[in-house]
Amino acid sequence: MTIIETHAHLDYPDFAPDFADVLRRAEEADVTRIVTIGTSLESSMRAVELAEKYPSVFAVIGVHPTYAEEAVDDVIDPLRELAKSRRVVAIGETGLDYHRLPSVELSKERKTQVFAKALQTSTEEEIEADIHDGAYKSKQASLFEQQLDLAVELGLNVVIHQRDAWDDTLEIMRPYSGKLRGVFHCFGGTREQAEEVITLDHLVSFTGIVTFKNGASVREVASQIPLWKFMVETDCPYLAPVPFRGKRCEPWHTRLVAESIANARGVPLQEIAEATTETAEKFFRFC
Ligand SMILES: [Zn+2]
């Protein structure tokens, strides 16, 4: 049996102390290939280095939307340079994330400071925050489009990060339909949303959330969508599945994600492993 971990952040410092053990445990759990995902230019560079060093590791390079503010305006050229490595198997993770808009952060801050602010100041701050929201969103959109353009140019697919920005994400991807495929990673949406992306020939992938007690709705989506339209991942070091919740997540946990989906669908693990491996082999440019 072989399982492909399609979304790990192996370049994060969390894995530095016992990197060799992390890879060994993956192999022992039949997680034979690991796709490590870049979140900034520096992180993408580290991802490529790891992929060139370890035969079971492959790299996806990109700039994550929550790093948009720090990112340079033009990421196409440096990413194109990095993509020359044959170990680069897709572009990403990229997309839109409106979860921490400046205005949202401001209202959170306000809740703790209600009595300290006069009404007048609040309104001015709100206008300011709206302007920042606009700038932040358009920088995210610009980086997203650059990465989609590069993916088309290089004939690669794209790992999509989407949070609280569903409509805008699909809107930006619309013109690219038929030119590339995306995987909506860490899928947490409804069955309708899953069907929407599948109809556009994209994929979804599931993390350890499918094992959570409060993950029933995602588990249900994972049990209902077509077998050939999803992949498995961990998003480690985050989102460790049950029974490791709250601990550091690592690539071998992909097996637990696959097991949980197999249980939910009432099929053997082998079937999920085979199908998701074949799907990942078609989606990523493994050399
Ligand atoms: Zn990620």
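A pocket is an open set of grid points with protein on both sides within 12 Å along at least five of seven lines. In this predicted model, the largest pocket has a volume of about 710 Å³. Its lining is made up of 28 residues, and those closest to the centre are Asp97, His161, Gln162, Arg163 and Cys186. Strands β4 (88-97) and β5 (158-163) each contribute at least two lining residues, and β5 gives the largest share, with 4 residues. Sorted by class, the lining of this pocket holds 11 nonpolar, 12 polar and 5 charged residues.

A search of the whole structure finds 1 cavity of 30 Å³ or more, and the volume of the largest cavity is about 40 Å³. Leu170, Met173, Arg174, Ser177, Leu200 and His202 form its lining, which by class comprises 3 nonpolar, 2 polar and 1 charged residues.

The metal site comes next. The zinc ion is coordinated by His7 through NE2, His9 through NE2, Glu93 through OE and Asp235 through OD, at 2.1 to 2.5 Å. Along the chain, these donors follow the spacing H-x1-H-x83-E-x141-D. Histidine 9 belongs to the loop between β1 (3-8) and α1 (19-28), and aspartate 235 to the loop between β8 (230-232) and α9 (254-265), so this pair ties together parts that are 226 residues apart in sequence. Histidine 9 has a relative accessibility of 2% and therefore counts as buried; aspartate 235, with a relative accessible area of 10%, is buried. Four donors count as tetrahedral if all angles lie between 85 and 135 degrees. The angles among the 4 donor atoms of the zinc ion run from 83 to 177 degrees, and the site is irregular.

The backbone has some features to note. Most residues other than glycine have a negative phi, and most peptide bonds are trans. The peptide bond from glycine 92 to glutamate 93 is cis, with omega near 5 degrees. Glutamate 93 lies in strand β4 and is one of the residues that coordinate the zinc ion. Another cis peptide bond, with omega about 15 degrees, joins cysteine 236 and proline 237; proline 237 is in the loop between β8 and α9.

Aspartate 30 is not a glycine, yet has a positive phi of about 65 degrees. This residue is found in the loop between α1 and β2 (31-37) and is partly exposed, with a relative accessible area of 24%. Aspartate 164 likewise has a positive phi, about 55 degrees. Aspartate 164 sits in the loop between β5 and α6 (166-173) and, at 51% relative accessibility, counts as exposed.

Technical notes
Residues are numbered from 1 along each chain as its sequence is written. This is a predicted model: local features need pLDDT of at least 70, side-chain atom pairs count only at pLDDT 80 or more; totals for chains, interfaces and linings use all residues. Side-chain values use heavy atoms; hydrogens and water are left out. On a 1 Å grid over the protein atoms alone, a cavity is a set of points where a 1.4 Å probe fits but cannot get out, and a pocket is an open set with protein on both sides within 12 Å along at least five of seven lines; lining residues have an atom within 4 Å of a point. Grid points are joined across faces, edges and corners, and a volume is the space filled by probe spheres set on the points. Ala, Val, Leu, Ile, Met, Phe, Trp, Tyr, Cys and Pro count as nonpolar, Asp, Glu, Lys and Arg as charged, and the others, Gly among them, as polar. Donors are N, O and S atoms within 2.8 Å of the metal (3.2 Å for Na, K and Ca); water is not among the atoms, so sites may look incomplete. Four donors count as tetrahedral if all angles lie between 85 and 135 degrees; four count as square planar and six as octahedral if opposite donors are over 155 degrees apart and all others between 65 and 115; anything else is irregular. Buried means under 20% relative accessible area, exposed over 50%, partly exposed in between (1.4 Å probe, protein chains only).
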